Amino acid sequence: WCSLIQSLSKPSCNSVMMLFSHFQLLIFPELEMNKIFESVCFFFFLVSINFFNHPLSFWSLYTIIHDRFRSIAYLFPSGLFEKKARPFMKHPDEVFPKQRAVQWGPDGRPFHFLFYTGKQSYYSLMHELYAKVLNIEKHQDRLRAKGLFSAEPKQISLGTSRWLTKEELEATLVETISSHDYDRFIQLMERMLSMPYSSLEEEFILRYRQQLEAQSMHQIVPPLQKDEKGVDFSTAEGKRKTSRSSVVVRDCGSGRITINGEDYLHYFPVLQDREQLMFPLQFAGVLGRFDLEATVSGGGRSSQAGALRLAISKALLSFLSETEGEAMRQAGLLTPDPRVRERKKPGQEGARRKFTWKKR
Amino acid sequence: MSLHRLALRLRPTVKHARCLHTSGSIQQQEAVAAEPEPESLSVFRTQEKDPACHSEKHIGHFYTLPPAHVRPLFPNSLPWRYQQQTKTFNETCIMVRQPALEVISYLKKADYSQPAVRYLFYGLRGSGKTMSLCHALHYCYAQGWLVLHVPDAHQWVKNCKELLPSSYSSSRFDQPLQATTWLRNFKVTNEPFLSKIKTKERYMWTKRESTEAGSPLGELVDQGISRVKSSSDVVGAVMKELRLQSGQQGAGFHLVVAVDGVNALWGRSTIKKEDKTAVDPEELTLVYNLRKLMRNDWSGGAIITTLSQTGSLYAPKSAYLPQELLGERGFDSMDAFVPVSVPNYSEKEFESCYLYYMDRNWLQHPLSRTEEGKKELIFLSNRNPSVLERLCGFL
């Protein structure tokens with residue numbers, strides 16, 4: 001095994017593991033698919049360790065697991081436009097969809113007793129669930145018999161979580177279920193939760209709950225710094241389409257604005273762009289108070305104005321209170337505009353415009 | 001800011017009257033008594049109609065030009081937008097600003113036996129150079145000088161509909177239309193001088209027509225207006241006469257040459273000859289003669305000019321300094337000049353302009369009359385006069 005892996009120098013095919021699996025099939029054609037996957041995982045594991053924790057300084061730069069993708073792009077450069085067609089290195093689980101292993105033996109007899117229901121994993125799950133419900137009831141009866149039944153036992157802390165959706169359940173069971181089946185499953189789970197001593201099966205229940213994501217990403221307020229003259233200032237960046245901008249807002253007292261070294265009246269002769277610059281300051285009511293020094297590059301005049309507006313709003317946050325910052329967020333000043341240019345499709349003249357339709 | 005508070009205090013109550021000429025010091029107590037003149041209580045206006053009496057105290061104030069002066073002095077030679085404004089507001093008001101006051105003070109102190117001094121207004125686009133020129137010109141007119149005003153030298157080097165080869169010199173070109181327009185305006189402006197000044201030389205226009213020496217200037221000008229073909233040469237003759245005569249002892253008049261957009265004289269032109277080659281401004285009679293006037297080899301007057309990027313040809317938008325706009329040749333020809341920088345409005349001037357628009361009911365939008373609206377206007381225009389004017393135009 002090891003000699004095989006080490007003898008492999010830089011292959012230059014689509015997926016490193018695909019190549020290896022092809023290679024395997026060529027040498028060992030009688031191996032089954034899962035054995036191949038196992039070896040591929042093993043190879044992946046070895047490569048992760050060897051390539052990226054190599055003592056030689058050339059690769060020791062890329063020891064962090066995030067840089068794995070950048071280092072693959074560096075080692076196997078590709079001129080293909082489609083990003084998904086370039087060489088990549090991922091865990092086989094992420095690449096190959098989960099498939100069900102073969103469910104009957106060499107004699108054709110299925111392994112699972114519920115195979116002929118059609119949805120064996122779903123029905124086995126329901127059976128398991130019901131068995132647990134009965135188990136909890138038996139436990140409760142035993143406690144009542146002993147007289148140790150307490151009215152308020154320890155409850156499961158669900159926190160902010162929800163039941164798995166139908167799609168997620170299908171993904172865990174690796175088989176399709178109908179919405180009726182899903183409803184039944186949820187009903188039974190709810191019934192189990194409602195029982196006082198459901199904490200017995202806490203681990204099982206939590207397996208089928210999904211944590212809700214943390215609420216909206218909290219706005220990172222740039223820190224307020226002081227320069228040599230004792231003037232407060234803060235820096236922030238903003239972007240829109242292809243423009244990137246960076247702004248330094250100083251608490252000077254004059255209303256001067258410089259963009260790329262030029263006066264803003266010269267840089268933005270159009271009123272609309274200056275209005276965009278004015279919006280955050282006017283919204284916060286601090287029009288004549290701050291001094292702005294900005295740099296902007298890329299894009300056209302409108303997108304540069306939008307990038308500057310976002311940067312100004314972010315920088316202003318450090319001078320304003322929480323409520324005012326919240327008001328700005330609700331006004332949409334702190335949201336980067338996600339609209340970018342839509343790609344042109346083949347067979348059409350533009351992104352949406354079709355060629356002229358000729359009747360004949 | 002205090003000016004505005006003062007205006008707010010003054011506006012509702014008529015009892016608190018103020019003496020306008022002492023409005024320089026704002027920190028006055030609210031005088032209850034004193035009924036001086038029951039005039040208009042505008043803090044931004046001044047009643048002083050004579051530019052000679054304008055001083056530092058009047059900076060930021062608007063003064064009205066008497067209608068009797070406006071028609072002769074500026075027959076179609078004011079900037080277009082300003083002309084529209086005067087028609088709307090029914091009055092011609094100019095703001096007294098520092099650059100114009102500076103030039104007027106130099107004009108007052110100048111020695112007119114020395115060669116003429118050249119003054120050049122320069123500044124960013126829309127900062128008020130032409131209006132300063134008009135203010136200085138009004139001073140000269142009020143003093144009774146002879147005004148030779150070229151409203152826009154750029155008009156002479158572009159959009160020429162008729163280009164004739166010059167009758168005087170074969171290498172040059174004539175522009176009859178522009179010359180006749182200019183002669184007409186000159187006639188309107190300088191009516192009283194036309195009969196007083198006599199020509200010193202004899203001019204032959206064609207084999208049969210000529211103007212004798214000793215005939216009044218008016219005749220020369222009429223000749224140019226009626227005989228369109230020779231009008232450019234008439235212009236040249238007029239300029240030569242005035243140049244020769246202004247410094248003389250017994251002349252009895254001062255000459256002021258005011259040219260707006262003087263960088264056109266040394267720039268490039270977009271006029272094309274028949275063989276599609278570009279015409280050098282030197283080859284145009286009008287420009288050639290005007291350049292001779294710009295040389296300070298004559299005395300008894302002054303030359304006041306402005307640079308202008310707006311109408312200029314082949315000049316980048318960001319250029320506003322004399323070296324950039326005049327070019328090498330122009331800078332060398334204008335070499336000894338007094339540059340006067342014209343900045344954007346200061347805070348006080350901006351207040352004044354804002355109050356003027358409010359007074360004329362030009363700002364219709366209710367929000368524009370509030371403090372917040374004023375701050376927005378300051379931000380959006382960056383106190384640039386022309387941008388502010390365009391902004392308030394649709395409010």
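Reader: Why does R329(B) count as partly exposed?

Author: The relative accessibility of R329(B) is 39%. The model is a predicted one, and the values are computed from it.

Reader: What makes the pair D280(B) and R329(B) a salt bridge?

Author: The N to O distance between the side chains of D280(B) and R329(B) is 4.0 Å. The rule asks for a side-chain nitrogen of Lys or Arg within 4 Å of a carboxyl oxygen of Asp or Glu, and the pair is listed as a salt bridge. D280(B) sits in the loop between β9 (255-260) and α10 (285-294) of chain B, and R329(B) in helix α11 (residues 322-333) of chain B, so the pair ties together parts that are 49 residues apart in sequence. D280(B) has 28% relative accessibility and therefore counts as partly exposed.

Reader: Why is D181(A) called buried, and what is its salt-bridge partner?

Author: Buried means under 20% relative accessible area. D181(A) has 7% relative accessibility, so D181(A) counts as buried. The partner of D181(A) is K119(A), with the closest N and O atoms 2.4 Å apart. K119(A) has a relative accessible area of 21%, so K119(A) is partly exposed.

Reader: How many salt bridges does the whole structure have, and how many of them cross the interface of chain A and chain B?

Author: The search over all chains finds 35 salt bridges. Across the interface of chain A and chain B the rule finds 0.

Reader: What makes R45(B) part of a network of salt bridges?

Author: R45(B) is linked with E91(B), D359(B) and R360(B) in that network. One of its salt bridges is with D359(B), where the closest N and O atoms are 2.9 Å apart; the cut-off is 4 Å. R45(B) lies in the loop between α1 (2-10) and β1 (62-64) of chain B and D359(B) in helix α12 (residues 347-359) of chain B, so the pair ties together parts that are 314 residues apart in sequence. R45(B), at 9% relative accessibility, counts as buried. D359(B) has a relative accessible area of 28% and is therefore partly exposed.

Reader: Why is strand β3 of chain B said to be largely enclosed?

Author: Of the 6 residues of β3 (residues 117-122) of chain B, 5 are buried, so the strand is largely enclosed by the rest of the structure.

Reader: Which strands pair with β3(B)?

Author: Pairing takes at least two bridges. Strand β10 (residues 301-306) of chain B is joined to β3(B) by 5 bridges and runs parallel to it. Strand β11 (residues 338-341) of chain B is joined to β3(B) by 4 bridges, again in parallel. Y119(B) stands opposite I304(B) in β10(B), while L120(B) stands opposite P339(B) in β11(B).

Reader: What makes β3 and β7 of chain A edge strands?

Author: They belong to an open sheet of 6 strands in chain A, in the order β3-β4-β5-β8-β6-β7 and with mixed pairing. Strands β3 (225-226) and β7 (262-263) each pair on one side only. Within the sheet, β4 (residues 232-240) and β5 (residues 243-250) of chain A run antiparallel and are joined by 8 bridges. G238(A) has S245(A) in β5(A) as its bridge partner.

Reader: What do chain A and chain B bury between them, and which element of chain A gives the most to the side that touches chain B?

Author: The two chains bury about 1,200 Å² between them, 66% of it on carbon and sulfur atoms. The elements of chain A that give two or more residues to that side are α11 (264-267) and α12 (271-284). α12(A) gives the most, with 7 residues. The contact takes 14 residues from chain A and 14 residues from chain B. The rule also finds 4 residue pairs in polar contact across the interface.

Notes:
Residues numbered from 1 in each chain as written. Chains lettered and ligands numbered in written order. Predicted model: local features only at pLDDT ≥ 70, side-chain atom pairs only at ≥ 80, totals over all residues. Heavy atoms only, no water. Contact = heavy atoms within 4.5 Å. Buried area = accessible area lost by both parts, 1.4 Å probe. Polar contact = N/O pair within 3.5 Å; in protein donor to acceptor, adjacent residues only side chain to side chain. Buried < 20%, exposed > 50% of the residue type's maximum accessible area, 1.4 Å probe, protein only.
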